[in-house]
Amino acid sequence: EEYDELAALLQAGPDGGQDADQAKAAVKKAEASGEGQTGKMLMLDVDDDKRSKTTKRAIPTPNIPEPMPPQLAFMFTKISPEQKMYMWNIYTLIFVLECLDVVLYWALLKYGPMVGISFGASTAIFGVIMIALCIQNVYILHDVIHGATFPPYEWQSYITHPFADFISLPWMDIIMEHNRHHNSTFDLLNHGEFGWDPAGWLYVLQEWTTEWYGWLTVPLVPFWHFAGASDTGGLFALLWWSKFPDAGPGGKCDKAFYAKWLPVRVKHVAFLMCVWGSVWMLGSWGLGRPLIEGWYFVSMVSMFCRIGFSAAWTFITNFNHSHWWNEFLAADPERTWPMLHATMAFLLGGRHRWNEMLFHDVHHMCPGRIGAMSQRGRFHGWQKVHDACVEILAAGLWKSDDDETVMEQHQRKRSMVMKSRT
């Protein structure tokens, strides 16, 4: 109820989420008190016929199995309090390990030369560990958003992604913008079909043209993430803050901005200053250098953190939402390219992470009720989740009387191929 804006977003989402009744009740309570949220950021952008203004498609309905087959029930079951606590414990562990890795880098630089460890070796040790941790940071962030949204302890909302950038969105803003992404983009290849998608600028470099020369800008995508354009980056924070909350009457700041959102943002940025200030001190006075030279250490720490976050976001956003990748999946590459799948699963941290790449369309069908494939894999194993997604995909993801989209054609082709070998 404190964040009735989130309740409004969830109510307008593809499946309403596991707490659809609570979200609806929170919205009604806010409306009754005269504080209901009706800004364009919280609503689907449709015409008078309830159709997309860009594609003219009606809002599709998730094809949730009814009656629910026993072998699929676990995919649509709300995660337990114990599972939520487990994920937040993992989240806290990743933050602690990131901090310890920074301290390890400092120790290697300070004492390494005494035992023959060079600057290059110290940096490589630190960098490999930090990249791996930051990749997992993004996956646990995405897992927690969908199902374990609110942390058990308030302080945990500050440790979700402090190493991603010097300035970033606080946790509640991350939740809001990610749910806005799902509300505007039901179909993976129709970005912003039902309103402005905050992730839209991440697809520009790969989709600004359908001609062959469009591929020339695709290699720039990771650098765009590196610069801070992804969900946890500084540029993205500025973009979202310029859009939300919606302006009040007369174009003035909404009263919720000063009462709710500004304090959250100020406290988050202050925490980031403390984190990066500590890194600066460690890399200057901690190494016996003048304070002004702390930027050397900060820049190295930030670079490897950005590489990890950029790598993970490039896969989750750009690969999953690309025409090329979904055409590739339609040809059943799991069978024709088994080594590729095994290698990528290893690099991302396991097959349960890789399921997120294979079935992101299933995730977009029910971001609230199913959640993330990686999240389900943590508790049920990757194979069980994989097989369930195949069955869900075979039944069709959406109920719609409109013509098939390109994505739906890919899904139909893929499910036919995968079913043919079962």
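Trp 212 is exposed, with a relative accessible area of 63%. The model in which this residue is seen is a predicted one. Trp 212 sits in the loop that runs between helix 6 (204-207) and helix 7 (221-229). Together with Val 204, Trp 208, Tyr 213 and Leu 216, Trp 212 makes a nonpolar surface patch of about 600 Å². The value of 63% is over the 50% that marks a residue as exposed, and a residue needs over 30% relative accessible area to be part of a patch.

The chain as a whole comes next. Its secondary structure consists of 18 helices and two strands. The radius of gyration is 22 Å, close to the 22 Å given by the globule rule for 422 residues, so the chain is as compact as a globular protein of that length. The accessible surface of the chain comes to about 19,000 Å², and carbon and sulfur atoms account for 64% of it. Of the 422 residues, 53% are buried. Among contacts between residues at least 6 apart in sequence, 75% join residues that are at least 24 apart.

Two arginines show what can surround a buried residue. Arg 306 belongs to helix 10 (residues 294-319). Its relative accessibility is 13%, so Arg 306 counts as buried, the limit being under 20%. The side chain of Arg 306 forms a polar contact of 2.5 Å with the side chain of Asp 165. The side chain of Arg 306 also reaches the backbone oxygen of Phe 226, at 2.8 Å. Leaving aside residues up to four places away in sequence, Arg 306 touches Ala 164, Asp 165, Phe 166, Phe 226, Ala 227 and Gly 228.

The other arginine is Arg 376, placed in helix 16 (residues 373-380). With a relative accessible area of 3%, Arg 376 is buried. Which backbone oxygens lie by a polar atom of its side chain? One is the backbone oxygen of Met 75, at 3.2 Å from a polar atom of the side chain of Arg 376. Another is the backbone oxygen of Thr 77, for which the distance is 2.8 Å. Arg 376 and Ile 79 are 297 residues apart along the chain, yet their C-alpha atoms are separated by 8.8 Å.

How values were computed:
Residues numbered from 1 in each chain as written. Predicted model: local features only at pLDDT ≥ 70, side-chain atom pairs only at ≥ 80, totals over all residues. Heavy atoms only, no water. Patch = residues over 30% accessible without salt bridge, like charges linked within 9 Å, V, L, I, M, F, W, Y side chains within 5 Å. Areas by Shrake-Rupley, 256 points an atom, 1.4 Å probe, with all protein chains shown as cover. Salt bridge = Lys/Arg side-chain N within 4 Å of Asp/Glu carboxyl O. Helix = DSSP H or I, 4+ residues; strand = E, 2+ residues; numbered from the N terminus. Buried < 20%, exposed > 50% of the residue type's maximum accessible area, 1.4 Å probe, protein only. Rg over C-alpha atoms; globule rule 2.2 N^0.38 Å. Contact = heavy atoms within 4.5 Å. Polar contact = N/O pair within 3.5 Å; in protein donor to acceptor, adjacent residues only side chain to side chain.
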